[in-house]
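Dear colleague,

Please find below the structure that I am handing over to you. My findings follow it.

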Amino acid sequence: SNFIFYPGLYGKVIYNENGEITGFDGANLILVEANLHFKEPLKPNQLNVYTFDGRVLFIIPFFGIGADYVLMPTDNILIWAGGTLTYYFLPSPHLSFSILF
């Protein structure tokens, strides 16, 4: 899979030399550019820690950290549950569904 559709985000899947997912780069419909990079390659059925950064309206920067428990029932479906903490210290819990294609 080369692309991810995450709620509101369409982007490129980033792999390491072993073919493991290490992050995502993309943009969404409200003009947010976003990059997410896992501390270790993505491991299904366990907690995955990551950092993220990007720009709102392609100008205003944002960044933070997060941790998600990721279920991967098939090779191209991801179910995420976790939370993020942005640089302005607002926690954001979430539950989402992604498709890799």
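Strands are DSSP runs of E with at least two residues, numbered from the N terminus. This is a predicted model, in which local features need pLDDT of at least 70 and side-chain atom pairs count only at pLDDT 80 or more, while totals for chains, interfaces and linings use all residues. Residues are numbered from 1 along each chain as its sequence is written, and side-chain values use heavy atoms, with hydrogens and water left out.

Asn35 belongs to strand β4 (residues 32-38). Its relative accessibility is 16%, so it counts as buried (under 20% relative accessible area with a 1.4 Å probe, protein chains only; exposed is over 50%, and partly exposed lies in between). Leaving aside residues up to four places away in sequence, Asn35 touches Phe24, Asp25, Gly26, Thr51, Phe52 and Asp53; contact means heavy atoms within 4.5 Å.

Asp68 is located in strand β6 (residues 60-74). The side chains of Asp68 and His94 are joined by a polar contact of 2.9 Å (a pair of N or O atoms within 3.5 Å; within protein, one must be able to donate a hydrogen and the other to accept it, and residues adjacent in sequence count only if both atoms are side-chain atoms). Among the residues that Asp68 touches, not counting those up to four places away in sequence, are Gln46, Tyr50, Trp80 and His94.

Finally, Tyr10 lies in strand β2 (residues 9-15). Tyr10 is partly exposed, with a relative accessible area of 42%.

Yours sincerely

Note on methods: Helices (H or I, at least four residues) and strands (E, at least two) are DSSP runs, numbered from the N terminus.
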